[in-house]
Amino acid sequence: MYGLINRAIECFVTETYGEAVWLRVAARAQPGLRRIEAMLDYPPDLTMRLLDALSQDLERELPALLEDLGTFLVSGQGMVAIRRLLRFGGCEFLDFLTSLEELPGRARMALPDLDLPGLDLLDEGEGCYRLTCQAGMPGYGAVMVGLLRAMADEYGALVLLDYGGEAPDGAETVWIVLVEQAFAKARAFELVRQ
Amino acid sequence: MTADAWVFALLDGMCPLHLVLGPDGRILHAGPTVGRLFAGRSVEGKDLLEVIDVTRPHGITRARDLFAHSGRRLRLALRGGPQTELTGAAHRVGHGDTLVVVLSFGIGLVDAVRAHGLTAADFAITDPSIEMLYLVEAKSAAMDLSRRLNLRLEQARHSAEQRAMSDPLTGLANRSGLDAAMAGLIATDTGFALMHIDLDYFKAVNDTHGHAAGDAILLSVASAMKRETRREDVVARIGGDEFVILLVGLRDRPALDRIATRLIASIEHPVPFGGAHCKVSCSIGTVLSDDYARPNQDRMLADADIALYAAKSAGRATHRFHLGQSGAGETGQIGFDHG
């Protein structure tokens, strides 16, 4: 199910940087590639090649780009399906945060081929949490930073996020400080799409 | 806390969608989600059947009849408000004078949540209903992606098929397109006439004015053929300057001869090209599917070719019919000389 992830990258690049950048990035990653089909399989290393090509084309560091990608997954145009599915994680931001450990299971429930790295949330006290993203998808932690930032906006929570980088074993750390759960009005969410 | 109070609190938490009935079938207590179904109106003190219909088992006319169905599956429906069906089970408790009816939305979950604007707080934490809603939404999102992919593949297949069946220069059907169309007509027993058309003097135009002029002629001929035929007819280019027209449902020889005459006149219109006027004509041989007990594509094309050859021999710009089986392969002399 790599098509789904690559397709998200395509949408992100096209909407954020324009069609021309996407076509350059796609061609650089794989000659002849123009469009990604979400429901078709692609070689597993294509995702990394796309991201590297994007980083080179824009001359930007990969972690920063991945954070933007994570935010786009939640708040981008046409990303309503992912945003809604994530909201099923809980009524408030803390519920959502706690439900992150279920994320790989939830993803598999939706699409059996979608294998996301495991997530562990550790309560460090005083509103501070450490999210460990297990190895398997390099840069996943950076994506989570952007995604959590956008989800905090969804829930109207005030949080501080910090990317803790990658450990030698490939695991990535994200630091989360929940300053205020009900800082702003949460975006409306109905259990069933109207 | 009285015994009743803690039992009710336990039920409210574990199964917010429940009712507790007294021995007379009146509602002693209703779970918090029941209140949501009745838009906040209290149902306590009312007879169960005043607010909820019991559709299965049959014949429940008094709420207290339910005491005899303890532990069995019930089907129920809300009275009034948006139509909502429920699955339930009645449990006789205490000294047998209290009935706890636990309810669920079952497969009507999505509709019920939408109709009553329910939220996660209306379900017990352990209730997998929210996961079921998640799954429904995830599956329909995935299904939507698949459907869009299928649509794109179908369009690609269709246009590839179109390309495979058509002549790139004129846009007319090619030999494959002709074969497919003929096979369709034969399979559905649709009568048709087949005109085999060969251009006259085309080689001369090509030799004198070049291939670009030849292409201009072919395009002009193709559009003349489209003009002189109907939408449902099939016009195909099957060789350099060889064409076939299938005239669907036409079996009247004089009418076909008139069409052939018009076609020849139309094709003979000079085509301006690079300051010159290029002029070609054509010969036509026609067969009718009606002339065959069992129409066969190759046989019909071969016979039309014989008629075409006869037309050419008769001095070009001429139309000839093939007389079919009954005429033992003879070429008829019906038709007019346009040379």
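This is a predicted model: local features need pLDDT of at least 70, side-chain atom pairs count only at pLDDT 80 or more; totals for chains, interfaces and linings use all residues.
A salt bridge here is a side-chain nitrogen of Lys or Arg within 4 Å of a carboxyl oxygen of Asp or Glu. Searching the whole structure turns up 36 salt bridges over all chains.

**Where the two chains meet**

Let's look at the contact between the chains. Chain A puts in 20 residues and chain B puts in 21 residues. Together they bury about 1,900 Å², with 70% of that on carbon and sulfur atoms. On the chain A side, M109(A), L191(A) and V192(A) lose the most area to chain B, and the three together make up 31% of what that side buries.

Three salt bridges are counted between chain A and chain B, and one joins the side chains of R84(A) and E137(B), at 2.4 Å from N to O. Five residue pairs are in polar contact across the two chains, counting pairs with both residues at pLDDT 80 or more.

Which elements give two or more residues to the side of chain A that touches chain B? They are α5 (80-87) and α7 (103-110) of chain A. Of the elements there, α7(A) gives the most, with four residues. By residue type, this side of chain A splits into 15 nonpolar, one polar and four charged.

**Inside chain B**

Chain B is assigned domain 1 (3-127), domain 2 (130-164) and domain 3 (166-327). Take domain 1 and domain 2 of chain B: their C-alpha centres lie 40 Å apart. Even so, seven residues of domain 1 of chain B touch five residues of domain 2 of chain B. About 480 Å² is buried between these two domains of chain B, and carbon and sulfur atoms give 83% of it. Within domain 1 of chain B, L109(B), V110(B) and D127(B) supply 60% of the area buried against domain 2, more than any other three residues.

**A few salt bridges within the chains**

| Side chains | N to O distance |
|---|---|
| E67(A) and R149(A) | 3.0 Å |
| R175(B) and D179(B) | 3.1 Å |
| E232(B) and R230(B) | 3.5 Å |

The E67(A) and R149(A) bridge ties together distant parts of the chain: E67(A) is in helix α4 (residues 62-75) of chain A and R149(A) in helix α8 (residues 140-155) of chain A, 82 residues apart. R149(A) has 37% relative accessibility, so it counts as partly exposed.

R175(B) and D179(B), by contrast, share helix α6 (residues 175-187) of chain B and sit four residues apart, about one turn of the helix. R175(B) is partly exposed because its relative accessibility is 36%, and D179(B) is partly exposed too, at 26%.

As for the last pair, E232(B) counts as partly exposed at 46% relative accessibility, while R230(B) is partly exposed with a relative accessible area of 35%.

Terms used: Residues are numbered from 1 along each chain as its sequence is written. Chains are lettered from A and ligands numbered from 1 in the order in which they are written. Side-chain values use heavy atoms; hydrogens and water are left out. Contact means heavy atoms within 4.5 Å. Buried area is the accessible area (1.4 Å probe) that two parts lose on being put together, summed over both. A polar contact is a pair of N or O atoms within 3.5 Å; within protein, one must be able to donate a hydrogen and the other to accept it, and residues adjacent in sequence count only if both atoms are side-chain atoms. Ala, Val, Leu, Ile, Met, Phe, Trp, Tyr, Cys and Pro count as nonpolar, Asp, Glu, Lys and Arg as charged, and the others, Gly among them, as polar. Domain bounds come from an automatic or database domain assignment. Buried means under 20% relative accessible area, exposed over 50%, partly exposed in between (1.4 Å probe, protein chains only).
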